[in-house]
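User: I have this model open on my screen and would like to learn how to read it. Could you take me through it feature by feature?

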Amino acid sequence: MKIEIQNRPAYAIADVHLEMNESVISEGGAMVSMTSDVTVSTSAMSPGGGAGGLLKGLKRMLTGESFFLNKFTSSTGGHVSFAPTLIGDVEHIALDGTKNLIVQSSSYMACSEGLEMDTQFGGMKSLFSGESLFWIKFSGSGDLILNSFGGIFYKDVDGSFIVDTGHIVAFEDTLEYKVKKVGGLKATLLSGEGLVTEFSGKGRLYMQTHNASAFGRLLGPKLPPREH
Amino acid sequence: MKYELTGKPDYALAEITLEAGETITAETGAMVAMSANMQIETKAKGGLLGGLKRMVTGESFFTNNFHPDGDAGTIKLAPQAPGDIDVLKLNGESYLMQAGAYLAHVGDVEIDSKFGGFKSFFSGEGFFLIKVSGNGTVFFNSYGGLKKVSINGSYIVDTTHIVAFNEGISYNVEAVGGLKATFLSGEGLVCRYTGEGDLWIQTRSGPQFAGWINPFRPVKKSNN
Amino acid sequence: MKQEIKHGPSFASLFLDLEPGEKVRTEAGAMAGMSSNMKISTKVYGGFIRALLRKLLGGESVFQNTYTPDGEPGQLILSPTTPGEIRHATLEKGKPLTLQASSFLASSPDISMKTAYGGLKSMLSGEGLFLLKMSGEGDLWFNAYGNITEIDVDGQYIVDTGHIVAFEDGLKFKVKKVGGFKSTLLSGEGFVMNFSGKGKLYIQSRTVSSLLGWIAPMLPR
């Protein structure tokens, strides 16, 4: 598998070149275009997980990701392009089995078949921060393709660092995190920052320049109301 | 007419200089800024019937004609969505475009609507495509980046990512895989192109963004 | 203080390294990340009533935050809500800059901010109703949706009301109809700002209202 990221950084897409009989797994709806030798199968499976897929599929639905994952397989060697829903960058991260990566659920776009994928609950307080409750933990070795709303950058945390929860893309699981108030009562209620996530320990934190739910909350109320 | 495309590819703008006597026709609402001598005239292109046909393709009923008064004048045009702008120079060829991809034109260009095929109705995309033909310059835009694909053989594209293609390529709208994949994959319908020609695809999808923003809308209050 | 605008122009974020005692004032909700020794305080700026009006009519926030690092230097990362460009301006005495209200991102704490009203016609146009006149001495950072283009006006120039970001004091504007009666109603351009005088004008390449107009027909019911 060869991964080529084009149109960076604003409207990035990932072109995945597959060998004969090779597959790539993606989030539902991410396919842009493909050569005509590629076939799609859809299941509630988890990459590398095999059986027990349904339960994992259900858990993934709770993370806000689509319940079903698509498996694209090339019969002769070909390519598939994937794009995220929002404008922004795409990053390829190769996992070698020595480090696990915890990914904010909407940042996942695609991965190779060999990776193990499991969901994690974000803790009670993240419920009140209005951000996604679930994280997807990737382990094993293989290729992972993530997307960001806006640009993507990382910070090697050594000590502690505070982030607005909506700006988190992923982090190595050597980092500890807790959700806390941004300041005193007044600042917490009126600053527009509310609850934030504090990371501590040592490890890499991937962040996105823009906050998708803040953008959604800016646009949503200006759109005509929906039926239900 | 001279033009420059600035801000490419992220938030492209078409910056156009017109000499006295030249006119540019633009999609309504596209004007960002202009020199103070530019005059605007609003028309239902092709009369009432033309205006109605434009509405079917998802374009607006009216178009604006801009021309400078006296000296040369400048105008900056932007599409509504974040994305790129590119130019087609027509010397008698015809292209088909997705609704919403047309931004402006200069010259003797005919804009018409074309039935896009029955199935495209279900993909949530416009029922019609726009056909541009004639002699002149057409400015078109994408949501996201523009990627040109030269097709020789066959190629599959998600219908919501299509921007424009040569009229000569044959295409067929179809389901992405088996029945299960069609309903559960979230991929909807794809367009299978065969033949030879150029295709422009956009790296983001409007209907997909619409689906994402939907939960942020207020809910209509029911009366019962 | 060390400042750097990164990931611009499309996804610009402002990275500030502050020394103890240094302060920066920001738009509410703009913090993306910060060192854990940063202290935050929240206040109303630009007058409570005007701020409230701004909130009700323009959707801008009433509150602004001031950040300062405690004890040792600290980092603050600021991002606007809409993706786009950020510009820095150094304000000098007698050289104020007028911003469209949603373009304010951050400033030195003692820059004064006065809410100005764009007039009845700009209200009818549904955009750019509130302007902020920033004056004093210090740093100012402002942002746009899309890219920012600078235009040196000397004479007259016309801008769609939704595309205005900022302009210098040498420029005056009048809100006027774009053309005849028919064009004003049907052109989709409606009211425009006719600038005159001499000075720099900053415009943005996209508007949030066009984005909304573009997406609306694609929404599920």
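Analyst: Happy to. Let's begin with strand pairing: two strands count as paired if DSSP finds at least two bridges between them. Helices (H or I, at least four residues) and strands (E, at least two) are themselves DSSP runs, numbered from the N terminus. Here strand S14 (residues 152-163) of chain A runs antiparallel to S4(C), and three bridges join them. Within S4(C), Ser35(C) is the residue opposite Phe161(A).

User: Before we go on, what kind of model is this, and how is it numbered?

Analyst: This is a predicted model, in which local features need pLDDT of at least 70, side-chain atom pairs count only at pLDDT 80 or more, and totals for chains, interfaces and linings use all residues. Residues are numbered from 1 along each chain as its sequence is written, while chains are lettered from A and ligands numbered from 1 in the order in which they are written. The predictor gives the complex an ipTM of 0.87 and a pTM of 0.88. For pLDDT, the predictor's confidence in each residue from 0 to 100, chain C has a mean of 87, and 83% of its residues reach 70 or more.

User: Which elements of chain C touch chain A, and how many residues take part?

Analyst: A contact means that the C-beta atoms of two residues, placed from the backbone, lie within 7 Å. By that rule, 26 residues of chain C and 33 residues of chain A take part. On the chain C side, strand S4 (31-35), strand S5 (38-44) and strand S6 (63-69) each give two or more residues, and S4(C) gives the most, with five.

To sort residues by class, Ala, Val, Leu, Ile, Met, Phe, Trp, Tyr, Cys and Pro count as nonpolar, Asp, Glu, Lys and Arg as charged, and the others, Gly among them, as polar. The side of chain C that touches chain A then has 11 nonpolar, 14 polar and one charged residues.

User: How many residues of chain B are in contact with chain A, and of which classes?

Analyst: Chain B gives 34 residues to that contact and chain A gives 33. The largest share of the chain B side, six residues, comes from S11(B). By class, the chain B side divides into 15 nonpolar, 10 polar and nine charged residues. Strand pairing is found here too: strand S4 (residues 31-35) of chain A and S11(B) are antiparallel over three bridges, with Val157(B) as the bridge partner of Ser33(A).

User: And inside chain A, what is the strand order of the open sheet of six strands?

Analyst: The order is S5-S6-S3-S10-S13-S8, with antiparallel pairing. Strand S5 (38-43) and strand S8 (90-96) of chain A stand at the edges with a single partner strand each, so one side of each has no neighbour in the sheet. For one pair within the sheet, take S10 (residues 108-112) and S13 (residues 141-147) of chain A, which share three bridges; Ala110(A) has Ile145(A) as its bridge partner.

User: How do I read the nonpolar core?

Analyst: In soluble globular proteins, nonpolar side chains tend to be buried together. A residue is buried if 20 or more other C-beta atoms lie within 10 Å of its own, exposed if 12 or fewer, and partly exposed in between, with C-beta atoms placed from the backbone. A nonpolar core is a set of buried Ala, Val, Leu, Ile, Met, Phe, Trp, Tyr and Cys residues joined through C-beta atoms within 7 Å. The largest one here has 174 residues, and those with the most contacts inside it include Phe82(A), Ala110(A) and Leu77(B). Strand S17 (residues 191-204) of chain C supplies its largest share, seven residues.

User: Which residues of H3(B) are buried, and what covers them?

Analyst: Gly206(B), Gln208(B), Phe209(B), Ala210(B) and Ile213(B) are buried. Their cover includes H4 of chain A together with helix H4 (208-215) of chain C.
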